[in-house]
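Subject: Structure handover

Hello,

Please find the structure below. My notes on it follow.

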Amino acid sequence: MKPGETAYSPEFDLVLACLRWPQEPADGERIRLLARQPIRWSQLLQIVDHHKVAPLFLRNLETFADGYIPDEPAAALRASTAANANTCIRRSGHLGTLNRLFRAQQIDFRIFKGIPLAVTAFQDSTLRDAGDIDLLVAEKDLFSAGEILRAEGYVRFEPQARLTPRRLRSYIAHQKDFSYGHPAGVVIDLHWRFFRNPWLPANAMLEEVGVDWLDLGSEPIPTLPASRLLLYLCVHGALDGWLRLKWLADIGALLHRLTAEQLASTTAAASEQQALPQLSAAILLCQDLLGPQPMPAGCLDRSDPGVARIMRFSKRCMTSNQYRPVRERIPSTQWFLNEFRLHTAPRYRMDLLERSLFRPRVWQKFNLPDTLFPLYALLSPFEWLSFHFRHRLTILKQAARSRRTRRKPWTPIPLRRLRQRGPRDIALAIEAGCMLSFFRIALNFLPVQKLTAWMGSPNKKPSSISHERSAQTLRRIEWSIDAVIRHVPLTFVCFPQSLAAYFMLRRRHIASRLYYGVMREADQLKAHTWVKVGERTVVGGEVEPDFTVLATFP
(Lines give C-alpha, C1' and ligand atoms only; values in the text may rest on other atoms or scores of the structure.)
Protein backbone atom coordinates (compact mmCIF):
# COMPACT_ATOMS: atom_id res chain seq x y z
CA MET A 1 0.00 0.00 0.00
CA LYS A 2 1.32 3.43 -0.94
CA PRO A 3 1.72 6.15 1.69
CA GLY A 4 -1.52 8.12 2.09
CA GLU A 5 -3.75 5.36 0.70
CA THR A 6 -6.71 4.20 2.75
CA ALA A 7 -6.43 0.74 4.30
CA TYR A 8 -9.52 -1.41 3.76
CA SER A 9 -10.41 -4.84 5.10
CA PRO A 10 -9.11 -7.86 3.08
CA GLU A 11 -12.71 -8.72 2.18
CA PHE A 12 -13.45 -5.26 0.78
CA ASP A 13 -10.11 -5.19 -1.08
CA LEU A 14 -10.90 -8.52 -2.75
CA VAL A 15 -14.37 -7.33 -3.76
CA LEU A 16 -12.91 -4.15 -5.27
CA ALA A 17 -10.25 -6.10 -7.17
CA CYS A 18 -12.95 -8.28 -8.76
CA LEU A 19 -15.06 -5.37 -10.02
CA ARG A 20 -12.79 -4.12 -12.79
CA TRP A 21 -14.04 -4.82 -16.30
CA PRO A 22 -12.43 -5.79 -18.55
CA GLN A 23 -9.71 -7.44 -16.46
CA GLU A 24 -6.02 -7.31 -17.36
CA PRO A 25 -3.38 -9.95 -16.49
CA ALA A 26 -2.04 -7.67 -13.73
CA ASP A 27 -5.53 -7.60 -12.20
CA GLY A 28 -5.49 -11.40 -12.06
CA GLU A 29 -2.23 -11.35 -10.09
CA ARG A 30 -3.74 -8.93 -7.60
CA ILE A 31 -6.89 -11.06 -7.22
CA ARG A 32 -4.83 -14.20 -6.53
CA LEU A 33 -2.66 -12.32 -4.03
CA LEU A 34 -5.70 -11.01 -2.13
CA ALA A 35 -7.51 -14.38 -2.25
CA ARG A 36 -4.53 -16.03 -0.48
CA GLN A 37 -5.06 -13.81 2.57
CA PRO A 38 -7.27 -14.92 5.46
CA ILE A 39 -10.75 -14.02 4.21
CA ARG A 40 -13.90 -14.00 6.33
CA TRP A 41 -16.09 -15.37 3.59
CA SER A 42 -19.37 -14.81 5.43
CA GLN A 43 -18.56 -11.10 5.69
CA LEU A 44 -17.43 -10.96 2.08
CA LEU A 45 -20.71 -12.53 0.92
CA GLN A 46 -22.62 -9.89 2.88
CA ILE A 47 -20.64 -7.12 1.17
CA VAL A 48 -21.17 -8.65 -2.28
CA ASP A 49 -24.89 -9.12 -1.67
CA HIS A 50 -25.34 -5.61 -0.28
CA HIS A 51 -23.61 -3.95 -3.23
CA LYS A 52 -25.42 -6.15 -5.81
CA VAL A 53 -22.24 -7.26 -7.57
CA ALA A 54 -22.35 -11.07 -7.27
CA PRO A 55 -22.31 -11.86 -11.04
CA LEU A 56 -19.30 -9.68 -11.86
CA PHE A 57 -17.44 -10.64 -8.67
CA LEU A 58 -17.91 -14.36 -9.28
CA ARG A 59 -16.92 -14.14 -12.96
CA ASN A 60 -13.58 -12.48 -12.16
CA LEU A 61 -12.88 -14.56 -9.05
CA GLU A 62 -13.49 -17.85 -10.88
CA THR A 63 -11.38 -16.67 -13.81
CA PHE A 64 -8.30 -15.85 -11.78
CA ALA A 65 -8.61 -17.55 -8.37
CA ASP A 66 -11.08 -20.37 -8.66
CA GLY A 67 -9.17 -22.71 -6.36
CA TYR A 68 -9.19 -20.25 -3.47
CA ILE A 69 -12.97 -20.16 -2.94
CA PRO A 70 -14.33 -22.50 -0.25
CA ASP A 71 -17.16 -24.74 -1.41
CA GLU A 72 -19.96 -23.18 0.62
CA PRO A 73 -19.35 -19.52 -0.42
CA ALA A 74 -18.79 -20.65 -4.01
CA ALA A 75 -22.14 -22.46 -4.02
CA ALA A 76 -23.91 -19.39 -2.59
CA LEU A 77 -22.34 -17.11 -5.22
CA ARG A 78 -23.21 -19.47 -8.06
CA ALA A 79 -26.81 -19.78 -6.87
CA SER A 80 -27.15 -15.99 -6.68
CA THR A 81 -25.59 -15.56 -10.11
CA ALA A 82 -27.81 -18.23 -11.67
CA ALA A 83 -30.91 -16.62 -10.17
CA ASN A 84 -29.86 -13.24 -11.56
CA ALA A 85 -29.27 -14.77 -15.01
CA ASN A 86 -32.79 -16.23 -15.02
CA THR A 87 -34.19 -12.86 -13.93
CA CYS A 88 -32.30 -11.11 -16.75
CA ILE A 89 -33.71 -13.51 -19.33
CA ARG A 90 -37.26 -12.91 -18.09
CA ARG A 91 -36.63 -9.19 -17.85
CA SER A 92 -35.43 -9.00 -21.47
CA GLY A 93 -38.70 -10.56 -22.61
CA HIS A 94 -40.58 -8.13 -20.39
CA LEU A 95 -38.79 -5.17 -22.00
CA GLY A 96 -39.84 -6.44 -25.43
CA THR A 97 -43.48 -6.59 -24.28
CA LEU A 98 -43.32 -3.03 -22.89
CA ASN A 99 -41.72 -1.84 -26.12
CA ARG A 100 -44.59 -3.26 -28.20
CA LEU A 101 -47.27 -1.88 -25.86
CA PHE A 102 -45.82 1.63 -25.84
CA ARG A 103 -45.23 1.64 -29.58
CA ALA A 104 -48.83 0.54 -30.17
CA GLN A 105 -50.00 3.63 -28.25
CA GLN A 106 -47.40 5.84 -30.00
CA ILE A 107 -45.69 6.73 -26.73
CA ASP A 108 -42.04 7.66 -27.10
CA PHE A 109 -39.82 6.39 -24.27
CA ARG A 110 -36.31 5.38 -23.24
CA ILE A 111 -35.24 2.43 -21.11
CA PHE A 112 -32.13 3.31 -19.13
CA LYS A 113 -30.03 1.47 -16.56
CA GLY A 114 -30.93 -2.20 -16.04
CA ILE A 115 -30.51 -4.55 -19.01
CA PRO A 116 -29.57 -1.85 -21.59
CA LEU A 117 -26.82 -0.56 -19.29
CA ALA A 118 -25.49 -4.09 -18.72
CA VAL A 119 -25.29 -4.75 -22.46
CA THR A 120 -23.71 -1.35 -23.19
CA ALA A 121 -21.09 -1.55 -20.44
CA PHE A 122 -20.36 -5.30 -20.16
CA GLN A 123 -21.71 -6.75 -23.45
CA ASP A 124 -23.46 -9.31 -21.26
CA SER A 125 -26.84 -8.70 -19.67
CA THR A 126 -26.19 -11.26 -16.92
CA LEU A 127 -23.01 -9.63 -15.55
CA ARG A 128 -25.00 -6.91 -13.80
CA ASP A 129 -27.72 -7.22 -11.17
CA ALA A 130 -31.07 -6.98 -12.97
CA GLY A 131 -32.57 -4.36 -10.64
CA ASP A 132 -35.69 -2.40 -11.53
CA ILE A 133 -36.89 -1.16 -14.92
CA ASP A 134 -36.45 2.58 -15.44
CA LEU A 135 -38.62 4.16 -18.13
CA LEU A 136 -38.36 7.79 -19.25
CA VAL A 137 -41.43 9.24 -20.98
CA ALA A 138 -42.56 12.73 -21.89
CA GLU A 139 -44.56 14.46 -19.17
CA LYS A 140 -47.58 14.66 -21.49
CA ASP A 141 -47.55 10.83 -21.86
CA LEU A 142 -47.15 10.12 -18.16
CA PHE A 143 -50.74 9.12 -17.44
CA SER A 144 -51.19 7.20 -20.70
CA ALA A 145 -48.11 5.16 -19.81
CA GLY A 146 -49.51 4.61 -16.32
CA GLU A 147 -52.75 3.27 -17.80
CA ILE A 148 -50.78 0.77 -19.90
CA LEU A 149 -48.95 -0.45 -16.81
CA ARG A 150 -52.17 -0.74 -14.79
CA ALA A 151 -53.76 -2.76 -17.61
CA GLU A 152 -50.79 -5.15 -17.36
CA GLY A 153 -51.43 -5.71 -13.64
CA TYR A 154 -49.09 -3.10 -12.14
CA VAL A 155 -50.05 -1.17 -9.02
CA ARG A 156 -48.64 2.24 -8.16
CA PHE A 157 -47.04 2.15 -4.70
CA GLU A 158 -45.05 5.39 -4.71
CA PRO A 159 -46.34 7.89 -3.79
CA GLN A 160 -48.71 6.16 -1.39
CA ALA A 161 -50.76 9.29 -0.67
CA ARG A 162 -53.86 10.16 -2.68
CA LEU A 163 -52.96 12.69 -5.38
CA THR A 164 -55.39 15.59 -5.49
CA PRO A 165 -54.92 18.14 -8.31
CA ARG A 166 -52.82 20.43 -6.08
CA ARG A 167 -50.70 17.57 -4.73
CA LEU A 168 -50.17 16.26 -8.25
CA ARG A 169 -48.86 19.65 -9.42
CA SER A 170 -46.44 19.72 -6.50
CA TYR A 171 -45.35 16.14 -7.09
CA ILE A 172 -44.66 16.72 -10.79
CA ALA A 173 -42.71 19.88 -9.97
CA HIS A 174 -40.51 18.45 -7.19
CA GLN A 175 -40.26 14.70 -7.84
CA LYS A 176 -39.11 12.58 -10.79
CA ASP A 177 -41.07 9.33 -11.07
CA PHE A 178 -43.96 7.09 -10.10
CA SER A 179 -43.12 3.58 -8.89
CA TYR A 180 -45.23 0.63 -10.02
CA GLY A 181 -45.00 -2.95 -8.77
CA HIS A 182 -46.24 -6.21 -10.23
CA PRO A 183 -47.15 -9.33 -8.20
CA ALA A 184 -44.51 -11.22 -10.22
CA GLY A 185 -41.86 -9.08 -8.53
CA VAL A 186 -41.14 -6.61 -11.35
CA VAL A 187 -40.82 -2.94 -10.37
CA ILE A 188 -40.99 -0.08 -12.88
CA ASP A 189 -39.96 3.49 -12.12
CA LEU A 190 -41.83 5.68 -14.59
CA HIS A 191 -39.76 8.87 -14.98
CA TRP A 192 -40.60 12.18 -16.57
CA ARG A 193 -37.07 13.46 -15.83
CA PHE A 194 -33.82 12.02 -14.48
CA PHE A 195 -33.66 13.73 -11.08
CA ARG A 196 -36.09 15.34 -8.69
CA ASN A 197 -34.55 18.81 -8.76
CA PRO A 198 -35.13 20.36 -12.22
CA TRP A 199 -32.01 22.53 -11.82
CA LEU A 200 -29.57 19.74 -10.91
CA PRO A 201 -26.67 19.54 -13.39
CA ALA A 202 -27.20 16.98 -16.17
CA ASN A 203 -30.92 16.68 -15.40
CA ALA A 204 -32.96 16.16 -18.56
CA MET A 205 -36.37 15.23 -19.90
CA LEU A 206 -37.17 12.92 -22.79
CA GLU A 207 -36.94 15.66 -25.42
CA GLU A 208 -33.32 16.43 -24.46
CA VAL A 209 -31.67 13.03 -24.10
CA GLY A 210 -31.32 11.70 -27.64
CA VAL A 211 -31.70 8.02 -28.49
CA ASP A 212 -29.62 4.93 -29.12
CA TRP A 213 -31.04 1.59 -30.25
CA LEU A 214 -30.15 -1.69 -28.62
CA ASP A 215 -31.03 -5.11 -30.04
CA LEU A 216 -32.62 -7.38 -27.43
CA GLY A 217 -33.83 -10.48 -29.19
CA SER A 218 -35.86 -9.71 -32.29
CA GLU A 219 -36.53 -6.00 -31.82
CA PRO A 220 -34.59 -2.80 -31.13
CA ILE A 221 -35.11 -1.12 -27.74
CA PRO A 222 -34.72 2.68 -27.35
CA THR A 223 -32.16 3.63 -24.73
CA LEU A 224 -29.80 6.50 -23.90
CA PRO A 225 -26.67 7.30 -25.89
CA ALA A 226 -23.61 6.04 -24.02
CA SER A 227 -22.24 9.55 -23.38
CA ARG A 228 -25.53 10.73 -21.88
CA LEU A 229 -25.77 7.54 -19.82
CA LEU A 230 -22.26 8.01 -18.38
CA LEU A 231 -22.97 11.58 -17.33
CA TYR A 232 -26.29 10.61 -15.75
CA LEU A 233 -24.65 7.81 -13.75
CA CYS A 234 -21.92 10.14 -12.45
CA VAL A 235 -24.43 12.69 -11.15
CA HIS A 236 -26.69 9.94 -9.78
CA GLY A 237 -23.76 8.42 -7.87
CA ALA A 238 -22.71 11.77 -6.38
CA LEU A 239 -26.28 12.48 -5.31
CA ASP A 240 -26.57 9.13 -3.51
CA GLY A 241 -23.07 9.04 -2.03
CA TRP A 242 -22.03 6.05 -4.17
CA LEU A 243 -23.76 3.70 -1.73
CA ARG A 244 -23.54 0.79 -4.16
CA LEU A 245 -20.30 -0.49 -5.68
CA LYS A 246 -22.46 -1.70 -8.56
CA TRP A 247 -22.76 1.90 -9.73
CA LEU A 248 -18.99 2.42 -9.63
CA ALA A 249 -18.39 -0.80 -11.58
CA ASP A 250 -20.77 0.53 -14.26
CA ILE A 251 -18.68 3.71 -14.56
CA GLY A 252 -15.42 1.76 -14.83
CA ALA A 253 -16.80 -0.53 -17.55
CA LEU A 254 -18.29 2.38 -19.53
CA LEU A 255 -15.01 4.32 -19.41
CA HIS A 256 -13.30 1.42 -21.18
CA ARG A 257 -16.12 1.03 -23.71
CA LEU A 258 -16.38 4.63 -24.84
CA THR A 259 -14.09 5.91 -27.56
CA ALA A 260 -11.83 8.92 -27.06
CA GLU A 261 -14.29 11.02 -29.06
CA GLN A 262 -17.21 9.92 -26.90
CA LEU A 263 -15.28 10.68 -23.70
CA ALA A 264 -14.35 14.11 -25.03
CA SER A 265 -18.01 14.73 -25.92
CA THR A 266 -19.06 13.67 -22.41
CA THR A 267 -16.52 16.01 -20.82
CA ALA A 268 -17.68 18.92 -23.00
CA ALA A 269 -21.32 18.22 -22.09
CA ALA A 270 -20.44 18.01 -18.40
CA SER A 271 -18.63 21.35 -18.56
CA GLU A 272 -21.55 22.97 -20.37
CA GLN A 273 -24.10 21.58 -17.89
CA GLN A 274 -21.94 22.35 -14.82
CA ALA A 275 -21.59 18.66 -13.99
CA LEU A 276 -17.79 18.49 -14.34
CA PRO A 277 -17.18 17.97 -10.58
CA GLN A 278 -19.51 14.94 -10.54
CA LEU A 279 -17.90 13.42 -13.66
CA SER A 280 -14.37 14.03 -12.39
CA ALA A 281 -15.13 12.68 -8.91
CA ALA A 282 -16.63 9.48 -10.36
CA ILE A 283 -13.56 8.80 -12.51
CA LEU A 284 -11.18 9.52 -9.61
CA LEU A 285 -13.19 7.21 -7.32
CA CYS A 286 -12.84 4.48 -9.94
CA GLN A 287 -9.10 5.07 -10.08
CA ASP A 288 -8.76 4.96 -6.28
CA LEU A 289 -10.96 1.90 -5.72
CA LEU A 290 -10.97 -0.14 -8.92
CA GLY A 291 -7.58 0.70 -10.44
CA PRO A 292 -6.29 2.73 -13.42
CA GLN A 293 -8.99 4.33 -15.57
CA PRO A 294 -8.82 6.64 -18.59
CA MET A 295 -9.08 10.30 -17.51
CA PRO A 296 -10.48 12.47 -20.31
CA ALA A 297 -8.79 15.79 -21.00
CA GLY A 298 -10.59 18.72 -19.40
CA CYS A 299 -11.62 16.92 -16.20
CA LEU A 300 -10.94 18.51 -12.82
CA ASP A 301 -8.28 17.12 -10.49
CA ARG A 302 -8.81 15.99 -6.91
CA SER A 303 -7.74 19.35 -5.48
CA ASP A 304 -10.91 20.99 -6.80
CA PRO A 305 -13.15 21.76 -3.77
CA GLY A 306 -16.28 20.28 -5.37
CA VAL A 307 -14.50 17.10 -6.44
CA ALA A 308 -12.79 16.70 -3.05
CA ARG A 309 -16.08 17.10 -1.18
CA ILE A 310 -17.88 14.49 -3.30
CA MET A 311 -15.04 11.99 -2.89
CA ARG A 312 -14.76 12.58 0.85
CA PHE A 313 -18.49 12.12 1.46
CA SER A 314 -18.70 9.08 -0.84
CA LYS A 315 -15.78 7.22 0.76
CA ARG A 316 -17.16 7.94 4.22
CA CYS A 317 -20.55 6.54 3.20
CA MET A 318 -19.09 3.58 1.33
CA THR A 319 -17.05 2.32 4.27
CA SER A 320 -19.74 2.84 6.91
CA ASN A 321 -21.55 -0.06 8.61
CA GLN A 322 -18.70 -2.49 7.86
CA TYR A 323 -18.66 -1.65 4.12
CA ARG A 324 -22.43 -2.18 3.85
CA PRO A 325 -23.76 1.39 3.94
CA VAL A 326 -27.40 1.87 4.88
CA ARG A 327 -28.91 5.20 3.91
CA GLU A 328 -31.13 5.39 6.99
CA ARG A 329 -28.14 5.06 9.31
CA ILE A 330 -26.51 8.17 7.86
CA PRO A 331 -28.01 11.33 9.40
CA SER A 332 -30.57 13.01 7.14
CA THR A 333 -28.82 16.35 7.69
CA GLN A 334 -25.73 14.93 5.94
CA TRP A 335 -27.83 13.88 2.96
CA PHE A 336 -29.45 17.28 2.79
CA LEU A 337 -26.09 19.07 2.93
CA ASN A 338 -24.63 16.74 0.31
CA GLU A 339 -27.43 17.56 -2.11
CA PHE A 340 -27.43 21.24 -1.14
CA ARG A 341 -23.71 21.59 -2.01
CA LEU A 342 -23.88 19.77 -5.34
CA HIS A 343 -24.89 22.99 -7.09
CA THR A 344 -24.80 26.63 -6.04
CA ALA A 345 -27.58 28.08 -8.23
CA PRO A 346 -30.19 29.89 -6.06
CA ARG A 347 -33.14 28.31 -7.90
CA TYR A 348 -31.61 24.84 -7.37
CA ARG A 349 -31.35 25.39 -3.62
CA MET A 350 -34.79 27.01 -3.44
CA ASP A 351 -36.34 23.95 -5.10
CA LEU A 352 -34.56 21.72 -2.58
CA LEU A 353 -36.05 23.71 0.30
CA GLU A 354 -39.53 23.64 -1.23
CA ARG A 355 -39.31 19.88 -1.72
CA SER A 356 -38.37 19.47 1.94
CA LEU A 357 -41.48 21.40 3.01
CA PHE A 358 -43.94 19.58 0.74
CA ARG A 359 -42.98 15.93 1.11
CA PRO A 360 -45.51 13.37 -0.20
CA ARG A 361 -45.03 11.51 3.08
CA VAL A 362 -46.71 14.42 4.91
CA TRP A 363 -49.76 14.18 2.64
CA GLN A 364 -50.31 10.62 3.79
CA LYS A 365 -50.12 11.67 7.44
CA PHE A 366 -52.30 14.78 7.15
CA ASN A 367 -55.07 14.64 4.56
CA LEU A 368 -55.70 18.37 4.02
CA PRO A 369 -57.96 19.75 1.29
CA ASP A 370 -56.27 21.54 -1.61
CA THR A 371 -57.36 24.94 -0.31
CA LEU A 372 -55.17 24.35 2.77
CA PHE A 373 -52.21 22.94 0.85
CA PRO A 374 -49.78 25.71 1.99
CA LEU A 375 -50.23 24.51 5.59
CA TYR A 376 -48.09 21.48 4.75
CA ALA A 377 -45.08 23.79 4.96
CA LEU A 378 -45.88 24.27 8.66
CA LEU A 379 -46.70 20.62 9.33
CA SER A 380 -43.65 19.20 7.54
CA PRO A 381 -41.05 19.93 10.28
CA PHE A 382 -43.24 18.24 12.91
CA GLU A 383 -43.80 15.23 10.67
CA TRP A 384 -40.03 15.06 10.05
CA LEU A 385 -39.36 14.96 13.80
CA SER A 386 -42.07 12.34 14.31
CA PHE A 387 -40.78 10.18 11.46
CA HIS A 388 -37.20 10.17 12.70
CA PHE A 389 -38.28 9.57 16.29
CA ARG A 390 -40.32 6.54 15.22
CA HIS A 391 -37.47 5.31 13.02
CA ARG A 392 -35.00 5.58 15.90
CA LEU A 393 -37.46 3.82 18.22
CA THR A 394 -37.85 0.99 15.71
CA ILE A 395 -34.07 0.53 15.54
CA LEU A 396 -33.86 0.40 19.33
CA LYS A 397 -36.70 -2.15 19.51
CA GLN A 398 -35.05 -4.33 16.88
CA ALA A 399 -31.74 -4.17 18.74
CA ALA A 400 -33.45 -5.10 22.02
CA ARG A 401 -35.33 -7.96 20.35
CA SER A 402 -32.14 -9.31 18.77
CA ARG A 403 -30.39 -9.23 22.15
CA ARG A 404 -33.27 -11.14 23.75
CA THR A 405 -33.39 -13.76 21.03
CA ARG A 406 -29.64 -14.11 20.52
CA ARG A 407 -28.52 -17.63 21.39
CA LYS A 408 -26.00 -20.23 20.34
CA PRO A 409 -26.83 -22.33 17.26
CA TRP A 410 -28.72 -25.56 17.78
CA THR A 411 -29.75 -24.65 21.32
CA PRO A 412 -32.53 -27.14 22.15
CA ILE A 413 -35.80 -26.17 23.76
CA PRO A 414 -35.48 -26.77 27.52
CA LEU A 415 -37.01 -30.11 28.54
CA ARG A 416 -39.13 -28.50 31.24
CA ARG A 417 -40.86 -26.38 28.60
CA LEU A 418 -41.72 -29.46 26.57
CA ARG A 419 -43.22 -31.07 29.65
CA GLN A 420 -45.42 -28.03 30.16
CA ARG A 421 -46.87 -28.43 26.65
CA GLY A 422 -49.41 -31.09 25.81
CA PRO A 423 -49.17 -33.54 22.90
CA ARG A 424 -51.48 -31.36 20.77
CA ASP A 425 -49.18 -28.33 21.11
CA ILE A 426 -46.08 -30.39 20.33
CA ALA A 427 -47.80 -31.89 17.26
CA LEU A 428 -48.83 -28.41 16.11
CA ALA A 429 -45.26 -27.11 16.49
CA ILE A 430 -43.97 -30.09 14.48
CA GLU A 431 -46.55 -29.32 11.77
CA ALA A 432 -45.46 -25.66 11.72
CA GLY A 433 -41.81 -26.69 11.46
CA CYS A 434 -42.54 -29.02 8.54
CA MET A 435 -44.60 -26.35 6.77
CA LEU A 436 -41.96 -23.65 7.25
CA SER A 437 -39.15 -25.94 6.09
CA PHE A 438 -41.11 -27.11 3.04
CA PHE A 439 -41.95 -23.59 1.85
CA ARG A 440 -38.43 -22.36 2.60
CA ILE A 441 -37.13 -25.02 0.20
CA ALA A 442 -39.99 -24.70 -2.29
CA LEU A 443 -39.44 -20.98 -2.77
CA ASN A 444 -35.91 -21.75 -4.00
CA PHE A 445 -37.05 -24.26 -6.62
CA LEU A 446 -40.68 -23.53 -7.56
CA PRO A 447 -41.99 -20.34 -9.21
CA VAL A 448 -44.15 -18.20 -6.98
CA GLN A 449 -46.99 -18.54 -9.50
CA LYS A 450 -47.09 -22.30 -8.82
CA LEU A 451 -47.40 -21.80 -5.08
CA THR A 452 -50.08 -19.15 -5.44
CA ALA A 453 -51.97 -21.44 -7.85
CA TRP A 454 -52.28 -23.97 -5.01
CA MET A 455 -53.77 -21.22 -2.90
CA GLY A 456 -56.36 -20.51 -5.54
CA SER A 457 -57.79 -24.04 -5.56
CA PRO A 458 -61.16 -24.14 -3.77
CA ASN A 459 -61.49 -25.42 -0.22
CA LYS A 460 -63.93 -28.29 -0.61
CA LYS A 461 -65.17 -28.40 2.97
CA PRO A 462 -66.85 -25.23 4.27
CA SER A 463 -65.93 -23.95 7.70
CA SER A 464 -68.12 -25.13 10.58
CA ILE A 465 -65.93 -23.91 13.44
CA SER A 466 -67.41 -21.64 16.08
CA HIS A 467 -66.07 -18.14 16.54
CA GLU A 468 -64.56 -18.97 19.94
CA ARG A 469 -62.81 -22.08 18.67
CA SER A 470 -61.59 -20.23 15.59
CA ALA A 471 -60.01 -17.51 17.77
CA GLN A 472 -58.32 -20.18 19.89
CA THR A 473 -56.99 -21.93 16.77
CA LEU A 474 -55.56 -18.64 15.47
CA ARG A 475 -53.70 -18.07 18.74
CA ARG A 476 -52.27 -21.60 18.68
CA ILE A 477 -51.10 -21.28 15.06
CA GLU A 478 -49.50 -17.92 15.84
CA TRP A 479 -47.74 -19.51 18.81
CA SER A 480 -46.54 -22.56 16.86
CA ILE A 481 -44.97 -20.53 14.03
CA ASP A 482 -43.33 -18.13 16.47
CA ALA A 483 -42.00 -21.02 18.58
CA VAL A 484 -40.39 -22.73 15.59
CA ILE A 485 -38.79 -19.48 14.39
CA ARG A 486 -37.33 -18.85 17.85
CA HIS A 487 -36.02 -22.36 18.52
CA VAL A 488 -34.96 -23.76 15.13
CA PRO A 489 -31.50 -22.78 13.78
CA LEU A 490 -32.86 -21.68 10.38
CA THR A 491 -33.92 -18.30 9.08
CA PHE A 492 -37.53 -17.99 7.90
CA VAL A 493 -38.40 -14.73 6.18
CA CYS A 494 -41.94 -13.45 5.91
CA PHE A 495 -42.96 -15.38 2.76
CA PRO A 496 -42.53 -18.95 4.11
CA GLN A 497 -44.11 -17.82 7.38
CA SER A 498 -47.15 -16.50 5.52
CA LEU A 499 -47.48 -19.57 3.32
CA ALA A 500 -47.19 -21.86 6.35
CA ALA A 501 -49.85 -19.91 8.25
CA TYR A 502 -52.18 -19.86 5.22
CA PHE A 503 -52.06 -23.60 4.62
CA MET A 504 -52.26 -24.47 8.33
CA LEU A 505 -55.42 -22.36 8.52
CA ARG A 506 -56.71 -23.91 5.32
CA ARG A 507 -56.29 -27.43 6.77
CA ARG A 508 -58.56 -26.34 9.61
CA HIS A 509 -61.11 -24.83 7.17
CA ILE A 510 -60.50 -21.24 8.33
CA ALA A 511 -60.66 -18.77 5.47
CA SER A 512 -57.67 -16.43 5.30
CA ARG A 513 -56.00 -14.12 2.82
CA LEU A 514 -52.30 -13.63 2.05
CA TYR A 515 -51.20 -10.08 1.19
CA TYR A 516 -48.12 -9.13 -0.86
CA GLY A 517 -46.95 -5.52 -0.52
CA VAL A 518 -43.95 -3.33 -1.29
CA MET A 519 -42.49 -0.08 -0.06
CA ARG A 520 -39.65 2.17 -1.18
CA GLU A 521 -37.06 2.87 1.49
CA ALA A 522 -34.34 5.22 0.27
CA ASP A 523 -32.70 3.46 -2.71
CA GLN A 524 -34.07 0.04 -1.88
CA LEU A 525 -37.35 -1.68 -2.58
CA LYS A 526 -38.67 -3.84 0.25
CA ALA A 527 -41.33 -6.53 -0.11
CA HIS A 528 -43.40 -8.07 2.66
CA THR A 529 -46.16 -10.65 3.03
CA TRP A 530 -48.70 -11.13 5.79
CA VAL A 531 -51.81 -13.24 6.46
CA LYS A 532 -55.12 -11.99 7.78
CA VAL A 533 -58.29 -13.71 8.94
CA GLY A 534 -60.95 -11.06 8.69
CA GLU A 535 -59.39 -7.99 10.30
CA ARG A 536 -56.96 -9.98 12.44
CA THR A 537 -53.37 -10.31 11.23
CA VAL A 538 -51.96 -13.76 11.99
CA VAL A 539 -48.33 -13.29 10.85
CA GLY A 540 -46.36 -10.35 9.48
CA GLY A 541 -48.51 -7.60 10.97
CA GLU A 542 -45.77 -5.61 12.70
CA VAL A 543 -44.98 -3.44 9.67
CA GLU A 544 -48.11 -4.06 7.58
CA PRO A 545 -49.28 -0.40 7.51
CA ASP A 546 -46.03 0.74 5.84
CA PHE A 547 -46.56 -1.37 2.69
CA THR A 548 -48.69 -0.84 -0.39
CA VAL A 549 -50.62 -3.98 -1.33
CA LEU A 550 -49.82 -5.25 -4.83
CA ALA A 551 -51.70 -8.53 -4.72
CA THR A 552 -53.82 -10.74 -2.47
CA PHE A 553 -54.18 -14.52 -2.57
CA PRO A 554 -56.45 -16.25 -3.18
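This is a predicted model, in which local features need pLDDT of at least 70 and side-chain atom pairs count only at pLDDT 80 or more, while totals for chains, interfaces and linings use all residues. Residues are numbered from 1 along each chain as its sequence is written, and side-chain values use heavy atoms, with hydrogens and water left out.

The sheet

Start with the strands. Helices (H or I, at least four residues) and strands (E, at least two) are DSSP runs, numbered from the N terminus. Two strands pair if DSSP finds at least two bridges between them.

Five strands make an open sheet with mixed pairing, in the order β1-β2-β5-β4-β3. β1 and β3 (155-158) are the edge strands; each has a single partner, so one side of each lacks a neighbour in the sheet. From one strand to the next, the twist averages 30 degrees. Angles run from 0 to 180 degrees between N-to-C directions, and axes are lines fitted to C-alpha atoms, for helices over the stretch in contact.

Now the pairs:
- β1 (residues 109-112) runs antiparallel to β2, with four bridges. R110 has L136 of β2 as its bridge partner.
- β2 and β5 (residues 187-191) are parallel, also joined by four bridges. Here I133 pairs with I188 in β5.
- β4 (residues 177-181) and β5 are antiparallel, with five bridges. G181 stands opposite V187 in β5.

Helix α7 (residues 142-151) packs on this sheet and touches β2, β4 and β5. Its direction makes about 165 degrees with that of β5. Contact means heavy atoms within 4.5 Å.

Strand β2

How many residues of β2 (residues 133-137) are buried? Five of its five are. Buried means under 20% relative accessible area, exposed over 50%, and partly exposed in between (1.4 Å probe, protein chains only). In a regular strand, side chains alternate between the two faces of the sheet. Both faces of β2 are covered: I133, L135 and V137 are buried on one side, D134 and L136 on the other.

Two helix pairs

Two packed helices are described by the angle and the distance between their axes.

Take α1 (residues 10-17) and α2 (residues 25-35). Their axes come within 9 Å and cross at roughly 160 degrees. That makes α1 roughly antiparallel to α2. (Under 35 degrees counts as roughly parallel, over 145 as roughly antiparallel, 65 to 115 as roughly perpendicular, and the rest as oblique.) D13, L14 and A17 of α1 meet R30, I31, L34 and A35 of α2. By class, this contact has five nonpolar, no polar and two charged residues. Ala, Val, Leu, Ile, Met, Phe, Trp, Tyr, Cys and Pro count as nonpolar, Asp, Glu, Lys and Arg as charged, and the others, Gly among them, as polar.

Next, α10 (residues 226-239) and α12 (residues 260-272). These axes also come within 9 Å, but cross at roughly 50 degrees. That makes α10 oblique to α12. On the α10 side, A226, S227, L230 and L231 make the contact. They meet Q262, L263, S265, T266, A269 and A270 in α12. The contact has six nonpolar, four polar and no charged residues.

A238 is found in α10. At 1% relative accessibility, A238 counts as buried. Leaving out residues up to four places away in sequence, A238 touches Q278, I310, N338 and L342. A238 and F387 are 149 residues apart in sequence and 25 Å apart in space, C-alpha to C-alpha.

Best regards
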